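My notebook is open, and I'm going to look up a few things in this one.

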Amino acid sequence: MDLITSFQCNEVNEEIIVLFKFVIKYEKSIGSVKFFITCILIWRFKMSHYESILITGGASGLGLGVAKHYSKNKNAHIFLIDINPSNLENAKKVCEEFGATIHTKIANVMDEEAMETVIYECDGIRPLDLIVANAAGQRPGSTSRTEDIPEDIMWATKICVNGVANTVFPALGLMKSRGKGHIVMTSSAASFVGLWGLPGYAAAKMWVRRLAEMLPTSYPELTFTAIAPGAVKTPLWIASNIDPNTGELKAGGQKLHPLSVEEGVEYYIKGIESKEIFYAFPPQLSEQLSLAEKLPYEEKMNLIKSFAN
């Protein structure tokens, strides 16, 4: 395998490949020693971007996909936070095969005190430079997709609002003291126009979006990104939308063709690397939802209802 092929297998950015080809072309002019040093610097430029990464909901779905991507950097320390011990152990084994150092913590993001301890412990092992607040979940025992009861709304608030706050807020002072850091939060396409019968989830994901927009006013040293996925066929999406007995959409399930987890992860990584305040995917859906957001209320509600089975 030549060096260019090796770089491409490690998902190096297009610009880095172009630069590398330029160096090879002029190898004789710059000398073999300088050529070797330049190659090392290019490799390090790509692979050292994030070297201490904490991911909540890191044992499955998009969180695990993000962890696998950054685990290709053998210098990286990846901290996987999840509530499911067996999934967490499996995720650790998978990510370790890529070469990074993997740490795991069993924690419920809805537990403020526990999450503060986790954030400080992880930062003490290796100062965090990227946090991905991604954990989500469905209320145990909840099966409806047509009508949120108060318990469902409270659960969505606790996990999507409090869970993000409990992950992000303890890290703000730590990162500010170092003058750098990137905090990514998972919002949703539902932050544009909502999902029929799920007011708690839609409102919570809008809160995440607004938080990412406003935090730079208090923490200009840091970078914030809210990533809003459309439908992605994660284990959570399947549990929320598919009837386990029939394999068909539940009443109220999304009539949108979901992206595969692999496609979703590819977009999610692009969102992280963009460092934009708000990144929605797939691009065509975000454009459509941006227009839908401006519709009169009745038209908007009719549109939302049309997406529900």
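How many cavities of 30 Å³ or more does the structure hold? I found 1. A cavity here is a set of points on a 1 Å grid over the protein atoms alone where a 1.4 Å probe fits but cannot get out. I'm working with a predicted model, where local features need pLDDT of at least 70, side-chain atom pairs need 80 or more, and totals for chains, interfaces and linings use all residues. Residues are numbered from 1 along each chain, and side-chain values use heavy atoms, without hydrogens or water.

I looked up the space in the largest cavity: about 30 Å³, as filled by probe spheres set on the grid points. Its lining residues (an atom within 4 Å of a point) include Thr-56, Val-109 and Asn-134. Helix H8 (residues 150-178) gives the most, with 4 residues. By class I get 5 nonpolar, 4 polar and no charged residues.

**Cysteines.** I looked for disulfides (two cysteine sulfur atoms within 2.5 Å) and got 0.

**Helix H13.** Which residues of H13 (residues 283-292) are buried? They are Leu-285, Ser-286, Leu-289 and Ala-292. They sit on the same side of H13, because they cover an arc of only 120° around the axis, taken from the directions to the C-beta atoms. On the other side, Glu-287 and Leu-291 are exposed, that is, over 50% relative accessible area.

Key
1 Å grid on protein atoms, 1.4 Å probe; cavity = no way out; pocket = protein on both sides within 12 Å on 5 of 7 lines; lining within 4 Å. Helix = DSSP H or I, 4+ residues; strand = E, 2+ residues; numbered from the N terminus. Nonpolar A, V, L, I, M, F, W, Y, C, P; charged D, E, K, R; others polar. Buried < 20%, exposed > 50% of the residue type's maximum accessible area, 1.4 Å probe, protein only.
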